[in-house]
Amino acid sequence: MAAIGWRSIIGPRTTETTDLALGGVGVDLAAGTARAATGRMLLSASATVILQGVSMAMSFATAILLARFLGGEDYGRYVFALAWAGVLTIPAILGLDRFLVRGMAVYEVQQQWQLMGGLLRRTNQLVLLTSIAIAGAGWGVAILWLSPSLRWPFCLAMLLVPITALTLLRQGAMQAIGRVVTGQLPEYLIRPTLILASIGALELVGGGALTSTTALGANVMGGAVAFVVGIVLLRRALPAVVRSARPAYATRQWMRASLPMMLIGGVWLANSYVATLVVGALDGTRAAGIFNVSQRGAELIVVLLAAANMPLAPAIARMHALGDRQSLEHATERVARAALLVSVPVAAVLALLPSLYLGLFGADFQTGATALTILALGQLVNAAAGPSGNVLIMTGHERIAMRGVAGGLLANLVLGIALVPPLGITGGAIAFASSLVLWNIVLVVLARRRLGVNVTAFPWLAVASPRQTG
């Protein structure tokens, strides 16, 4: 999504309409224009998909090179350290990235520019402090207790905690003001390009200098450069009305509201990593590397849904603030149908012909074929369920959404511990796919009961009918 129509939001506003920034165009959310708004949202999501596709191609090229150059054992150490960095980013971000999107969108509707600027500043201050403290604790653990082969990869990975946490905040701010595509450029284009180039240089020019430790060093370097570029882009993108306003703070109120978001966001993210960690702990780092490759392949199935969620999130907050339930249901249904349409052929290829994908990483990774098939089926259910979690979070129902996601995480952990020892990575795949199915069913039901909207790809489940035409 490109620039928001800031010129139109500075002027007077009525209670009947608001400007929804989609693709750089102020879109009237009055009755009869929800279809046009949704179309622009999907167009913005398509641009995001293209950018993410380029990034994903480079990331996969990086993963393939690392898997082939490092081998299963050292690549497993690399993945294991990155997984821990991802998990520790959860408490570091404090749930403020999602709260920032919703808060800035609501303050924009209410024209509370001072609070908007204060929210952006305060969230960065809080996340900087917590992320540095968590990274420092991680270094202490690594130095005191980890084996030499894992110690230095882990220490380098800890540098990614503050970088990633602050990056997520900056992306949330860009998302809230309608600069989704611009906000993603540093992390989805500059960072993977630098990492890929560094890894190639280490292996081809460095005379075998590529190890899990130096690969993580390349990751940190790429992330740091992308972060600096992102800060420059955010400063240029913030409208003058926000930059010139004296910041106002409601820190206690923000922290109380963001705590449930931290928990749900943490549980959500932890669920992505816990299977890799359980497989690594119970079946070795080599198995963790193979499982991670399979999991990343299955995530291709929901790439459009993930991209559409970025412009959709602030739009949901605005539509809910206006009480426009019909537009909200229409937008989420169309996003879910588009995501499912794209997901089905991708899931079919991965589920039926997993060796085509795994063969890219080398013969060692072919043992993940069954796991990839199971994970693909789980992600297909995820796509069909639509943006259920996003809808609940952006409408203030994050507390009940947390219960559904927490149930999925618990299922993932318990099933993983039970199934990984006898089944290896296949057991990890069953655990993760089961958690996806469980939490998506719960969130879809919660969105229907609490908001009266259908968020799935199936229009016959519509709640907010009769719908207006336009």
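Which side chain meets Arg 102 in a salt bridge? I looked it up, and the partner is Glu 398, at 2.9 Å from N to O.

**Ground rules.** I'm working with a predicted model, where local features need pLDDT of at least 70, side-chain atom pairs count only at pLDDT 80 or more, and totals for chains, interfaces and linings use all residues. Residues are numbered from 1 along each chain as its sequence is written, and side-chain values use heavy atoms, with hydrogens and water left out.

**Salt bridges.** Side chains of opposite charge can pair when their charged atoms come close. For a salt bridge I need a side-chain nitrogen of Lys or Arg within 4 Å of a carboxyl oxygen of Asp or Glu. I find four of them in the structure.

My helices are DSSP runs (H or I, at least four residues), numbered from the N terminus. I checked burial too, taking buried as under 20% relative accessible area, exposed as over 50% and partly exposed as in between, with a 1.4 Å probe and protein chains only. Arg 102 is buried at 13%, and Glu 398 is buried at 5%.

Next I went to Glu 187 and Arg 170, whose side chains meet in a salt bridge at 2.4 Å, N to O. Glu 187 sits in helix α7 (residues 180–204) and Arg 170 in helix α6 (residues 160–176), so this pair ties together parts 17 residues apart in sequence. Both Glu 187 and Arg 170 are buried.

Then I looked at Arg 77 and Asp 74, which form a salt bridge at 3.1 Å, N to O. Both lie in helix α2 (residues 34–93), three residues apart, about one turn of the helix. Arg 77 has a relative accessible area of 17%, so I put it down as buried. Asp 74 is buried as well, at 13%.

**A loop residue.** I stopped at Gln 111 in the loop between α3 and α4 (113–145). Its phi is near 60 degrees, a positive value in a residue other than glycine. Gln 111 is partly exposed, with a relative accessible area of 28%.

**Two helices in contact.** Last, I looked up α11 (residues 285–298) and α18 (residues 425–451), whose axes come within 10 Å and cross at roughly 40 degrees. I take axes as lines fitted to C-alpha atoms, for helices over the stretch in contact, with angles from 0 to 180 degrees between N-to-C directions.
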